[in-house]
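Me: I'd like a close look at one part of this model, with the cut-offs spelled out as you go.

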Amino acid sequence: MAIIPILALAYKMNSFPLTDHDEALYSGVARELLKHKDWWTLYWNDQPWFIHAPLSMWIQASFFKIFGIAEAVARLHSMFFAVGLVLLTAAFGNLLFGRKTGYIAGLILASSPLFYLIGRMAILDMPLVFFMTLSIYLFVRAWRTQNRRLYPAFWIAAGLATLDKGLWGLVLPGMVCLLYAATDSNRKRLLDPALYVSALGWVAVVGPWFAIETHRWGSQFLEPTLATNTYQRLTTSVCNHSGSWWFYIVIAVIGLFPWIVLWPQSFFKNRGDNSRLLLLWIVPALILHSAARTKLPNYLLPFMPAFALMLAAGVAEAKSRKVQGWSTVFIGAAVTVIVVLGLGTATVPGGALASINPWFIGSFIGAAYVLGGLALVYRKNSGPAIMAVMLLIGLSILPVQYSKVHTDFSPKRTAMEARQLAGNGPVISMLGIDCQFGMFYYAQAPYIHDETFDDLARLISQQKGDYAVVLMKKDLAELSKRGIKLSISYDKDRWVVAR
């Protein structure tokens, strides 16, 4: 089963640069681990960086050291844990509903658009969700089989999730497991001392990093670790990532499309203890996420295994899939029309999307949906598997087409031009350029990032050797007002490289 997501996720993974913000940021931090040779403290641009816990960057840095620094290597850990999450979801489905449902759940997860995209990105979420799901799986297995020896494994998995992205790695699985146990008829087993003594496993995983960094940096480490990435994301819109209360409902429909549209009844059928677990996995935390001020599509990923399990149960129980199959055929035709009309208005000559053929994309995706739908209609046993494979083939058009236009959205070429112009001198940019993380990653050190035009003008006037300045065209006039005249060496629409 693993071969399907491996092939889909690995396809053209190295064909386009890292996205500017998160991918380039985390990959830059991982690369600096090798530079500083300090695996406790994270750094960005030679400054201590305490925004997130280190596990994903440790893994990235290890892969960099083994395989070399490249875009595909930066994304390798996400692919690795994505495949693991597919297999884990299948194992969870086997535990709850049986082998057939588990197999379908893994396929549904693997062929979901949101999962596919995150599984190809060099960000922290896939390892986080893998260890979250593993901890829930271990607790549920321990609770149902009354196997107390699994409690330490539950805490260790939650510790690894915490070490990947902070306290939410413990809070979410802890909340799900506590609610599940507290609403069970055998809730008195929550008083078992073994459950709480086993929490030493979590301390053993998280404690050394937390203790060493607290000793080294004190409040400089504690404030962002315990505040910025916990309650501040609940009470404020961090980095302007806000949204309405229904934000995650829309993301769930898009992220699990078309499965969630075809089997909506899956969420309402009572399947006893299994339904109770999955609803407690989704509903309370999703309400908390929806109430939080900071909202991002990838925040839905922790719930996707539960969604996939619910949907898989509906698929496996269906006596006939003809309605869903023919609906998929019509959805494919509609997607073709929407893509052709939508992209047709965006691919104007000379524009960033001019190299994209709307008819090719629309027909490719539409054909994948139609063939998948027909498989549901005419292939009783293998229909869901064929549909999942066809959906993955349809999703593969995304990296193919993005690789044609990435230079219009990535600072990679600009950064490389800047480094060539600067030689061994600094590459200088400012916040308004909107690509500081990608610029740092691809321009490499020495790199200087200024916050204001006054600081930028002062820094440029102090340069005596080679250097390069990267800024937006509209910013040239602001520097000119401050007596700084720059000669443009490279002009790439959004950004210019000058000296």
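Which residues make the nonpolar surface patch of about 680 Å²?

Reply: A word on ground rules: this is a predicted model, where local features need pLDDT of at least 70, side-chain atom pairs count only at pLDDT 80 or more, and totals for chains, interfaces and linings use all residues. Residues are numbered from 1 along each chain as its sequence is written, and side-chain values use heavy atoms, with hydrogens and water left out.

Now the patch: Trp 245, Trp 246, Ile 249, Val 250, Val 253, Ile 254 and Val 261 make it up. Nonpolar side chains (Val, Leu, Ile, Met, Phe, Trp, Tyr) are joined within 5 Å, while like charges are joined within 9 Å. The areas come from the Shrake-Rupley method with a 1.4 Å probe, and for residues only the protein chains shown count as cover.

Helix α13, residues 247–255, gives the most to this patch, with four residues. Helices here are DSSP runs (H or I, at least four residues), as are strands (E, at least two), numbered from the N terminus. Trp 246 belongs to the loop between α12 (219–235) and α13. With a relative accessible area of 42%, Trp 246 is partly exposed, that is, between buried (under 20%) and exposed (over 50%), again with a 1.4 Å probe and protein chains only.

For contrast, take another loop residue: Ile 123, between α6 (113–118) and α7 (125–145), counts as buried because its relative accessibility is 5%.

Terms used:
Patches are made of residues with over 30% relative accessible area and no salt bridge: like charges are joined within 9 Å, nonpolar side chains (Val, Leu, Ile, Met, Phe, Trp, Tyr) within 5 Å. A salt bridge is a side-chain nitrogen of Lys or Arg within 4 Å of a carboxyl oxygen of Asp or Glu.
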